[in-house]
Each structure stands twice: as structure tokens, then as C-alpha cells.
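Here is a friendly briefing to read with the model open beside you.

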Amino acid sequence: VQLVESGGGLVQAGGSLRLSCAASGSNFDMRTMRWYRQAPGKQRDWVATISSGGYTDYADSVKGRFTISRDNAKNTVYLQMNSLRPEDTAVYYCNRAFPQWSWGQGTQVTVSS
């Protein structure tokens with residue numbers, strides 16, 4: 001399965017971005033999907049989860065600002081990011097919760113102050 005993240009960019013603090021993660025391949029089941037992010041020099045951290053049934057969960061740092069969603073027909077997961085802060089700057093990745101697939105290239109999000 002190949003994961004392709006997109007939608008990142010440079011935005012001012014307080015702005016919004018919508019990330020997309022498209023999965024492609026054959027005979028796969030997305031199941032529960034997650035967004036992660038990795039800031040320079042730091043480990044990759046979990047951001048948000050969405051189950052196949054639509055249950056969602058968020059890291060405390062993004063709760064109330066980010067919204068994860070999915071379109072199963074398109075094998076795509078989204079992350080709507082509002083009220084962005086400079087500390088949200090990172091490369092954002094998506095992946096299945098378990099078992100994980102190979103990581104995609106991620107999409108860079110840069111928030112200027």
C-alpha cells in the first residue's frame with residue numbers, strides 16, 4: 001500500500017490548512033487510521049485517530065483545533081487544521097494504526113508567527 005500525503009504549506013498563525021492522505025494499492029483495508037507529525041529534531045508524535053466507524057480521538061495539543069475525517073470510498077483520510085500555531089510546524093504523516101504500512105513522504109506544514 002502506498003500512502004501519499006498532501007495539502008501542507010506555509011501559513012500564518014491563526015490560519016487553516018486541510019491535509020489529505022490517499023492510500024492506494026490492492027486488497028487493503030484502511031481500518032483505523034492516524035495522523036502523526038514530526039518536528040525537526042524531534043520524534044514522530046501521534047496527532048489524531050479515526051476508526052473505521054468514525055470514532056475520533058486527538059492529542060491534547062490539537063484538541064478543539066484539528067478535525068480528522070475519512071472518505072472510505074476514496075480511501076482518503078483528512079486533517080482539517082484550524083487556529084494553527086507556530087508549534088504545529090512539522091512534517092505530517094498518516095498511517096494505519098495497526099499493522100502499519102510503509103510511511104509516505106509526508107507533507108510539510110510551516111506556521112509563521
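**Charged pairs, a sheet and a disulfide**

Asp 29 and Arg 31 join their side chains in a salt bridge, with N to O at 3.7 Å. A salt bridge here is a side-chain nitrogen of Lys or Arg within 4 Å of a carboxyl oxygen of Asp or Glu, and by this rule the count comes to 4 salt bridges. This is a predicted model: local features need pLDDT of at least 70, side-chain atom pairs count only at pLDDT 80 or more, and totals for chains, interfaces and linings use all residues. Residues are numbered from 1 along each chain as its sequence is written, and side-chain values use heavy atoms, with hydrogens and water left out.

**Salt bridges**

- Side chains of opposite charge can pair when their charged atoms come close.
- Asp 29 is partly exposed at 42% relative accessible area, and Arg 31 is partly exposed at 41%. (Buried means under 20% relative accessible area, exposed over 50%, and partly exposed in between, with a 1.4 Å probe and protein chains only.)
- Asp 60 and Lys 63 also meet through their side chains in a salt bridge, at 3.2 Å from N to O. Asp 60 is exposed at 67% relative accessibility, while Lys 63 is partly exposed at 48%.
- Between Asp 88 and Arg 65 there is a salt bridge whose closest N and O atoms are 2.7 Å apart. Asp 88 sits in the loop between E8 and E9 and Arg 65 in the loop between E6 and E7, so this pair ties together parts that are 23 residues apart in sequence. (Strands are DSSP runs of E, at least two residues, numbered from the N terminus.)
- Both Asp 88 and Arg 65 are buried, and salt bridges with shared partners link Arg 37, Arg 65 and Asp 88 into one network.

**Around Arg 37**

- You will find Arg 37 in strand E4, residues 33–38, and it is buried, with 13% relative accessible area.
- The side chain of Arg 37 makes a polar contact of 2.9 Å with the side chain of Asp 88, and another of 2.9 Å with the side chain of Tyr 92. (A polar contact is a pair of N or O atoms within 3.5 Å; within protein, one must be able to donate a hydrogen and the other to accept it, and residues adjacent in sequence count only if both atoms are side-chain atoms.)
- Ser 61, in the loop between strand E6 (56–58) and E7, is partly exposed at 39% relative accessibility. Its side chain has a polar contact of 3.4 Å with that of Arg 37.

**The sheet**

- Four strands form an open sheet in the order E1-E3-E8-E7, with antiparallel pairing. (Two strands pair if DSSP finds at least two bridges between them.)
- Strands E1 (2–6) and E7 (66–71) are at the edges with a single partner strand each, so one side of each has no neighbour in the sheet.
- E7 pairs with E8 (residues 76–81) in the antiparallel sense over 6 bridges, and Asp 71 stands opposite Thr 76 in E8.

**The disulfide**

- The structure holds 1 disulfide, which joins Cys 21 to Cys 94 at 1.6 Å from S to S. (A disulfide is a pair of cysteine sulfur atoms within 2.5 Å.)
- Cys 21 belongs to strand E3 and Cys 94 to strand E9 (residues 90–96), so the pair ties together parts that are 73 residues apart in sequence.
- Cys 21 and Cys 94 are both buried.
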